Amino acid sequence: MLLAKAGLQVTIIERQPTVGGRTSAIEANGYRFDVGPTFFLYPRILEEIFASVGRDLHTEVPMKKLDPQYRITFGAGGELNATPDVDRMVAEIARLSPEDAANFRKFMDYNRVKLEKFTPCLQTPFLGWTSLLRARLLAVMPYLTPWRSLHVELARYFRDPRLQVAFTFQAKYLGMSPFQCPSLFSILSFLEYEHGIFHPIGGCNAVTAGMARVATEMGVKIRLNEPVEEILFEGRRAVGVRTAGGEYRADAVVVNADFAHAMMTLVPKKMRRRWTDQTIAKKKFSCSTFMLYLGIQGRYDNLAHHNIHVPEDYRSNLDEIENQHVLSADPSFYVQNAGLTDETLAPAGHSTLYVLLPVSHEHPNIDWSKERDRYRKLALRQLAKIGIEDIESRIRFERVVTPAEWSRQAGIYKGATFNLAHNLGQMLHLRPQNRFEEFDGMYLVGGGTHPGSGLPVIFESARISSKLLLEEFGLGN
C-alpha cells in the first residue's frame, strides 16, 4: 500500500492460495477460523497507514471493541474479567487482591510515559550500533531497566502472583516467558487497557484481506499459489525472485517470509556471510503452539470471547516449554470463542473454538508423530477447566496443527511461531535489519526484523522498511 502510493510498481508473490500468511484463515463446512493472531491491538498504526493512502481502516475493515477484553482463570483459584474501563478493572483486581487494586492506576500512568518515550524507537530503523546513540533512545534508557525481567517489573505493582501473571502473560505474544522477557514489554498489557482489544468482523484475516483489496485497487499485482524458490542476485544485490512460473526482476526485493526459513531455503549458503546456517541455529527462538481449530454444534455464551487459563504452577509450565523442551502435564491454554461477538464465523447454533497451547519449538525431546494424538486428548480434557465439557461428541470440524506442521507446511523455522526471541541480545540493531545488512536492494518486514513480533509492531516494521526503500529511490519525505 505504502510503496504503491509512492508510485512504485509492486508485485506480491504469495505461496498460499490466499493472502495473510499466519494471519490468513481456515474455512470449511461453514466455519471460519483465524490461523494465527486473534487479538487485534493498538489499531493506531494501521489507522495511520490506511490514512496515508487515503483510506479509513474502520470503513474498510469494520471491527468491534471488546469489553470484557478477556477472562483469565487461575489454577490457583479465582478469575479476572479484564476490562478497559479503569474503575471496573480496579474493582476486578480488588476481588482477587484488595491491597493491589490501587496500583493499577500507577501501572497505567508509568507505562503511559514509557510508551510515549519508547514509541520513536519503535518507529525508527536500527541499522548499526551507532543507532543506540540517538537522543531519542538515550531519553528512554531510564525506562528500559534491562536488569529487570517483565515478571520482576510487574511485582513492583502487584503482590498477588495471579495478578503478576495477568499483566505478564502478554510476553507470549513474543513467544517468551515473563521470567525471561525484558521489562520493556510491560507496554504490551498497558496497550490492551489504554487502547483496547478489537475483533475485526470476519476475524483478523479480514484485516489482511482488506489490505490486499485496497492494494489491488491501487495497482498492486498479487500472484497467489506461486511459491518463491530462489532470490536472484547480481553480485551482492537482490534483483528479483524465481518461481516455477518464471523469473520476476525488480529494483528491490522485500522479504516477508519467516526470516530464518527464507535465509536457509531462498539464499544460497555461499552468499551468506553474517546469517549463515550455523549463526541462525545458535540464535534463541520463540516457543511454538499446539493448535486445535474446532467447529462445534452448540454455542458457548457462558464463555468470554477470549479465554486464558493459567495452571497453578505456571513457572514450571514455562520452564518445560523454554528450557526443558518437554510437554507439560498441566499446560496453560487459550480459547477464542469468537461467535460470541461475530456470528459470521459459524452456522447458526454452532461455534468456532480456536484452542492454543504454548509448547516448545521443534526439539529432539518431542516427537510429534507420536505425541500429536495424546496431546490432542490432553488439550480437550484441559478445556473442562473453563467449563467446556463433553466436547468430543459435538465436534463437526477439526484441524490439528503441531510445531512440526508449522515448520513443514507454513515454512516457519523450528515451528517457532513468534520468530526470533526478543531477549536483549536480539533486539534493536542486533535483530536482522529492515534494510537487510547482507545484501543491497533487500528489505525485511515481519516479526523477524525490528521492532519484532505481534501485529502492531509487524505493521510498524513494514512502515519502517517502506520508508527506507523509498529513500533509496529518492522518494522519501
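**Close-up views of a predicted model**

**View 1. Ser97 sits in the loop between helix H4 (86-96) and helix H5.** The model shown here is predicted. Is Ser97 buried or exposed? Its relative accessibility is 2%, so Ser97 counts as buried. Leave aside the neighbours within four places in sequence. Ser97 is then in contact with Asp160 and Leu163. Ser97 and Arg162 are 65 residues apart in sequence. In space, their C-alpha atoms are 9.1 Å apart.

**View 2. Helix H5 (residues 103-122) crosses helix H9 (residues 186-195).** The two axes come within 9 Å. They cross at roughly 110°. H5 is therefore roughly perpendicular to H9. Which residues of H5 and H9 make the contact? From H5 come Phe104, Phe107, Met108, Asn111, Arg112, Lys114 and Leu115. From H9 come Ser186, Ile187, Ser189, Phe190, Leu191, Tyr193 and Glu194. Sort the residues of this contact by type, and eight are nonpolar. Three are polar and three are charged. An α-helix has 3.6 residues a turn, so residues three or four places apart point the same way.

**View 3. Helix H14 (residues 368-382) has a bend.** Find Arg374 along the helix. There, H14 bends by about 25°. Now look for the buried residues of H14. They are Trp368, Tyr375, Arg376, Leu378, Ala379, Leu380 and Gln382.

View 4. How many disulfides does a search of the whole structure find? It finds zero. Cys181 is in no disulfide, and the nearest cysteine sulfur to its own is that of Cys287, 11 Å away. A disulfide needs the two sulfur atoms within 2.5 Å. Check burial next. Cys181 has 0% relative accessibility, so Cys181 counts as buried. Cys287 has 4% relative accessibility, so Cys287 counts as buried too. The cut-off for buried is under 20%.

Notes. Residues are numbered from 1 along each chain as its sequence is written. This is a predicted model: local features need pLDDT of at least 70, side-chain atom pairs count only at pLDDT 80 or more; totals for chains, interfaces and linings use all residues. Side-chain values use heavy atoms; hydrogens and water are left out. The bend at a residue is the angle between axes fitted to the seven residues ending there and the seven starting there. Helices (H or I, at least four residues) and strands (E, at least two) are DSSP runs, numbered from the N terminus. Buried means under 20% relative accessible area, exposed over 50%, partly exposed in between (1.4 Å probe, protein chains only). Axes are lines fitted to C-alpha atoms, for helices over the stretch in contact, and angles run from 0 to 180 degrees between N-to-C directions. Angles under 35 degrees count as roughly parallel, over 145 as roughly antiparallel, 65 to 115 as roughly perpendicular and the rest as oblique. Contact means heavy atoms within 4.5 Å. Ala, Val, Leu, Ile, Met, Phe, Trp, Tyr, Cys and Pro count as nonpolar, Asp, Glu, Lys and Arg as charged, and the others, Gly among them, as polar.
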